[in-house]
Structure formats: C-alpha cells, structure tokens
Amino acid sequence: MKFESKFDIGETVYYWSVEKVKILFGRIEGIALWQTEDKEPSWRYGIAQIDPKKYQPILALREQVPEHLVFRKRDDVFDFCMKLTEDI
C-alpha cells in the first residue's frame, strides 16, 4: 500500500491554527500518517510558524495541523473560513 501526502517537508503553507484560532503562515517541518481502528488514515503536519519580518521559521511555535486545515494559497484559507461562517 502506497501513501502520498499533498504537501512536502520544507514547503511554505497557510494554515488554520486551532490553538490560536486564526490563519497563520508557516513551513512544514514534519509529516505523519495517523490511523485509528475505526477511521481512514489522515495526514498531520508539524508546521513551524514563520516570522513575517525575517521570513524565518519560529521553531518554538510549532503546531500539529490536520491536512484539511493546510492550504497552498491564501485565498483557499479565506474560502475555507467563509464556509465555516455561512450558517452563523
């Protein structure tokens, strides 16, 4: 069985931070495949937040992010957030 992730280590991405409840920009530092007995496998990414002034990863600010909350384009994150708030 072959598994392929949508993203690669070292790739810069936008992501929805569940911890901080906002959109952040970061770099993927690690990739893991999670599977439980009753669910399909899912990818999780260890993402280090990027300092916008220096454009360097802040390694102390790492977060595990599920694949459905990681985006290549900033507009994709906004589309995701708009869908979340449609029924509110």
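**Note on strands, helix and salt bridges**

1. Strand β3 is largely enclosed by the rest of the structure, because 8 of its 10 residues are buried. Buried means under 20% relative accessible area, exposed over 50%, and partly exposed in between, with a 1.4 Å probe and protein chains only. Strands (E, at least two residues) and helices (H or I, at least four) are DSSP runs, numbered from the N terminus.

2. On provenance: this is a predicted model, where local features need pLDDT of at least 70, side-chain atom pairs count only at pLDDT 80 or more, and totals for chains, interfaces and linings use all residues. Residues are numbered from 1 along each chain as its sequence is written, and side-chain values use heavy atoms, with hydrogens and water left out.

3. Strand pairing. β2 and β3 are antiparallel, paired over 8 bridges. Two strands pair if DSSP finds at least two bridges between them. W34 faces S42 of β3. β1 and β2 also run antiparallel, joined by 6 bridges. Here Y15 stands opposite L24 in β2.

4. The hairpin turn. β1 and β2 make a hairpin with 4 residues between them. V21 sits in that loop between β1 and β2. V21 has a positive phi of about 55°, yet is not a glycine. Most residues other than glycine have a negative phi. V21 is exposed, at a relative accessible area of 56%.

5. K22. This residue belongs to strand β2, which covers residues 22–34. With a relative accessible area of 43%, K22 is partly exposed. Leaving out residues up to four places away in sequence, K22 touches Y15, W16 and S17. Contact means heavy atoms within 4.5 Å. C81 is 59 residues away along the chain, and its C-alpha atom is separated from that of K22 by 9.6 Å.

6. The core. The largest nonpolar core has 16 residues, and Y45, I47 and V70 have the most contacts inside it. Such a core is a set of buried Ala, Val, Leu, Ile, Met, Phe, Trp, Tyr and Cys residues joined through side-chain atoms within 4.5 Å. At least two of its residues come from each of β1 (12–17), β2, β3 (42–51), β5 (70–71) and α1 (74–85). Beyond its neighbours within four places in sequence, Y45 contacts several residues, among them F7, I28, I31, V65 and V70.

7. Helix α1. The 12 residues should span 16 Å at 1.5 Å a residue; the end C-alpha atoms are 17 Å apart, which agrees. The expected span is 1.5 Å times one less than the number of residues. V77, F80 and C81 are the buried residues of α1. They lie on the same side of α1, because they cover an arc of only 95° around the axis. The arc is that of the directions from the helix axis to the C-beta atoms. These buried residues pack against β1, β2 and β5. D75, M82 and K83 are exposed on the other side of α1.

8. Salt bridges. The structure holds 2. The criterion is a side-chain nitrogen of Lys or Arg within 4 Å of a carboxyl oxygen of Asp or Glu. E11 and R72 form one (2.6 Å, N to O). E11 lies in the segment before β1 and R72 in the loop between β5 and α1, so the pair ties together parts that are 61 residues apart in sequence. E11 counts as buried at 18% relative accessibility, whereas R72 is partly exposed at 46%. E29 and R27 form another (2.7 Å, N to O).
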